[in-house]
Amino acid sequence: MKKIIILVACIFVAGLFSAGCGGNAANDGLTQNSVATDQQAGGQAKKLKIALVMKTLTNPFFIQMEKGARKAEKESGIDLIVKTGAKETSIEQQIEIVNELINMKVDAIVIAPGSSTELVDVLKKAQDSKIAIVNIDNRLDASLCENRGLTGVPFISVKNDDGAYLSAKYIADMITTPTKVAVIEGIKEADNAQLREKGALQAFAANPNITVVDKETANWKIDEAYTVAAAMFKRHPDIGAVFCANDMMALGLVQYLKDTGRKNVLVAGFDDLAEAQAAIRNGAMAVTIDQQADVQGYMGVKDALALINGGKVNPETYIPVKRITKKDL
């Protein structure tokens, strides 16, 4: 487990130095839009304040998301305020952050919520305080938003089920004999975790040689994935392939396989972290999915700016995913 702690620290440090509620497919890159300011009582221009609220910075995925948002900040002349929880499961902390931003009277909040349900009430409170809301990455629960009166919130993400299908299908297509497989899930109540599980199971179901023998959440965390993997392989020592709903969990699994000397286990991930690419190059992983976190952060800030200025934005924007295998690297 010390290796896992060291790996988390290395990922975090490396990331730092490297820096809804009709659908629309986003362009594959970052494009420029408008610059905006507000006016103080004396006529002086002041910068608009847009907050980016993410789950954590211990996952390099969100470091990339901040990079995209910073690009939009530079182009648009706004003041970007970045806030994160300590962990991807720090839902109460995200709620506290939104309350803090309400008190700060920010102009907009761009949020990648840790929970699809638990942030709805506080975001409604923010919207009632005339703060524009943009939902990125993990979708807020649509029925709960409607019930609470949280309306007009654009959603920017990828089609998570499609991405998971592509990832799981890549390893499924390698399986030609009867094989047991498992799924390591994200936070169970999170919409993106549910969609990724759905996509992976669809891919596995299409291969008659595959039997899904185990599914368990590791809450997006590398250390929990190590523990979950140990329990799974104790129950089913002959598992031959595993889909992990994000790369952090895939890396935890890879470390477990390395520590226990298990070979020939196909591992599929999701997020296209640099560490996952390294694992693909050395054969420890087979595939991951690039969901262009920087584009999500960039477009989230741009949509927030448009809403502040009274403009219209697409209710849903889906950014294309890219399947990454060894041949792509």
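Student: Are phenylalanine 233 and tyrosine 256 buried or exposed?

Tutor: Phenylalanine 233 is buried, and tyrosine 256 is buried too. Buried means under 20% relative accessible area, exposed means over 50%, and partly exposed lies in between (1.4 Å probe, protein chains only). This is a predicted model: local features need pLDDT of at least 70, side-chain atom pairs count only at pLDDT 80 or more, and totals for chains, interfaces and linings use all residues. Residues are numbered from 1 along each chain as its sequence is written, and side-chain values use heavy atoms, with hydrogens and water left out.

Student: What is the relative accessibility of tyrosine 256?

Tutor: Tyrosine 256 has 7% relative accessibility, so it counts as buried. Tyrosine 226 counts as buried at 13%.

Student: How is a pair of aromatic rings described?

Tutor: By the distance of the centres and the angle of the planes. Rings of Phe, Tyr and Trp (its six-membered ring) pair if their centres lie within 6.5 Å; planes under 30 degrees apart count as stacked, over 60 as edge-to-face and the rest as tilted. The structure holds four aromatic pairs. In one of them, tyrosine 226 and tyrosine 256 have ring centres 5.8 Å apart and planes at 90°, so this pair is edge-to-face.

Student: Which helices hold tyrosine 226 and tyrosine 256?

Tutor: Tyrosine 226 is in helix H8 (residues 222-235) and tyrosine 256 in helix H9 (residues 247-259). The two tyrosines are 30 residues apart, and their pair links distant parts of the chain. Helices (H or I, at least four residues) and strands (E, at least two) are DSSP runs, numbered from the N terminus.

Student: Why is the pair of phenylalanine 233 and tyrosine 256 called tilted?

Tutor: Because the planes stand at 35°, with the ring centres 5.7 Å apart. Tyr226, Phe233 and Tyr256 form one aromatic cluster.

Student: Where does the charged end of arginine 196 sit?

Tutor: Over the ring of phenylalanine 270, 3.9 Å from its centre. The criterion is NZ of Lys or CZ of Arg within 6 Å of the ring centre and within 35 degrees of the ring normal. Lysine 159 lies over the face of tyrosine 318, at 5.2 Å from the ring centre.

Student: How are two packed helices described?

Tutor: By the angle between their axes and the distance between the axes. Axes are lines fitted to C-alpha atoms, for helices over the stretch in contact (heavy atoms within 4.5 Å). Angles run from 0 to 180 degrees between N-to-C directions. The axes of helix H3 (residues 91-104) and helix H4 (residues 120-128) come within 9 Å and cross at roughly 5°.
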